[in-house]
Amino acid sequence: MSVQLEHSGKTGPWDEAFAQLQHWDPAWAESCERMTTNPWRSGVLPRKTVELISLAVNAASTNLNADGTRRHIRAALAAGASRDEILAIVKMASLLSIHSCSLGAPILLEEAVAAGVKPAARPGPSPATPACNEIRALGQWNDAWNPFFEIDPVWTDEFMAAGAGIYASGVFDPKLVELLSIAFDASFTHMYAPGTRRHIKAALKLGATIEEIMEVLKLCVVQGAQACNLAIPILAEELAEASTTWRSPRS
């Protein structure tokens, strides 16, 4: 028996494309539906958390899926999420792009040494970096940030100030912050291994269970349904268009 979903976007990762998929291939649609909606049925994570994690995966700066973002904002609000909680997810999603520097800055330093190129000398004393200093004092500094701090400490401090405001706001408890961070880093549109490991380790220390973390990973996987949500309506439109312009052999 097929799982009965509300394909208005209230439940699971699907939209109206599912009805067309079910018409074309009911057996595969049923099996895929059951797999992709499992996190909504399992009860491992609260419904609001499921929707916030799903929002994170869709709104991430590595994904920017407009339909999925709207679907899960609507569902998160229905599950009791506040404006501030959703806004915090959006802020986190925007700062995910720092991994461009996490990836590129070490390579830049290594290749500069190999090429014999040195950075320009900075005039005057070292610039003040209060946000970075605060993060270090809290024991939350990540050594992966050292290369871009070395190259541009002022900008790094500006970035850290923007990030610290999110994490110090208290909108989410620390464990949920780590679960959300796992989703951002493990998402199939990002797959940033160092961050995934770092946040899994932190989540476990904060009391997250293996089952809760696995549920986050499942929520990343099931967003693959967006391929169907995107392509099936296009396929249906193109088939309809083709039927008006092509002639069958018997015509």
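Predicted model: local features only at pLDDT ≥ 70, side-chain atom pairs only at ≥ 80, totals over all residues.
Biologist: How many residues of the contact of α4 with α13 are nonpolar?

Modeller: Ala, Val, Leu, Ile, Met, Phe, Trp, Tyr, Cys and Pro count as nonpolar, Asp, Glu, Lys and Arg as charged, and the others, Gly among them, as polar. In the contact of α4 with α13 there is 1 polar residue and no charged one, while the nonpolar residues number 6.

Biologist: How are α4 and α13 oriented to each other?

Modeller: The axes (lines fitted to C-alpha atoms over the stretch in contact, with angles from 0 to 180 degrees between N-to-C directions) of α4, residues 47-59, and α13, residues 210-222, come within 10 Å and cross at roughly 50°. The crossing is right-handed, that is, with the near helix turned clockwise from the far one by less than a right angle. Angles under 35 degrees count as roughly parallel, over 145 as roughly antiparallel, 65 to 115 as roughly perpendicular and the rest as oblique. The two helices α4 and α13 are therefore oblique.

Biologist: At roughly what angle do the axes of α8 and α10 cross?

Modeller: The helices α8 and α10 are oblique to each other. Their axes come within 7 Å, and the crossing is at roughly 60°.

Biologist: Which residues of α10 make the contact with α8?

Modeller: From α8, the contact is made by Pro130, Ala131, Cys132 and Ile135. By class, the contact of α8 with α10 has 6 nonpolar, 1 polar and 1 charged residues. On the α10 side, the residues are Thr156, Asp157, Met160 and Ala161.

Biologist: Which helix gives the most to the lining of the largest pocket?

Modeller: On a 1 Å grid over the protein atoms alone, a cavity is a set of points where a 1.4 Å probe fits but cannot get out, and a pocket is an open set with protein on both sides within 12 Å along at least five of seven lines, lining residues having an atom within 4 Å of a point. The largest pocket holds about 1100 Å³ of space, and among its 40 lining residues Gln140, Trp145, Tyr167, Arg198 and His199 lie nearest its centre. The lining comprises 23 nonpolar, 10 polar and 7 charged residues. With 7 residues, the helix that gives the most is α12.

Biologist: Which helix gives the most to the lining of the second largest pocket?

Modeller: About 240 Å³ of space lies in the second largest pocket, whose lining includes Leu108, Lys118, Arg122 and Glu150. By class, this lining has 8 nonpolar, no polar and 3 charged residues. The helix that gives the most, with 4 residues, is α7.

Biologist: About how much space lies in the largest cavity?

Modeller: The lining of the largest cavity is formed by Ala88, Met92, Ile166, Tyr167, Ser169, Gly170, Val171, Phe172 and Val177, and the elements that give two or more residues are α6 and α10. By class, 7 of the lining residues are nonpolar, 2 polar and none charged. With volume taken as the space filled by probe spheres set on grid points joined across faces, edges and corners, the space in the largest cavity is about 60 Å³.

Conventions. Residues numbered from 1 in each chain as written. Heavy atoms only, no water. Contact = heavy atoms within 4.5 Å.
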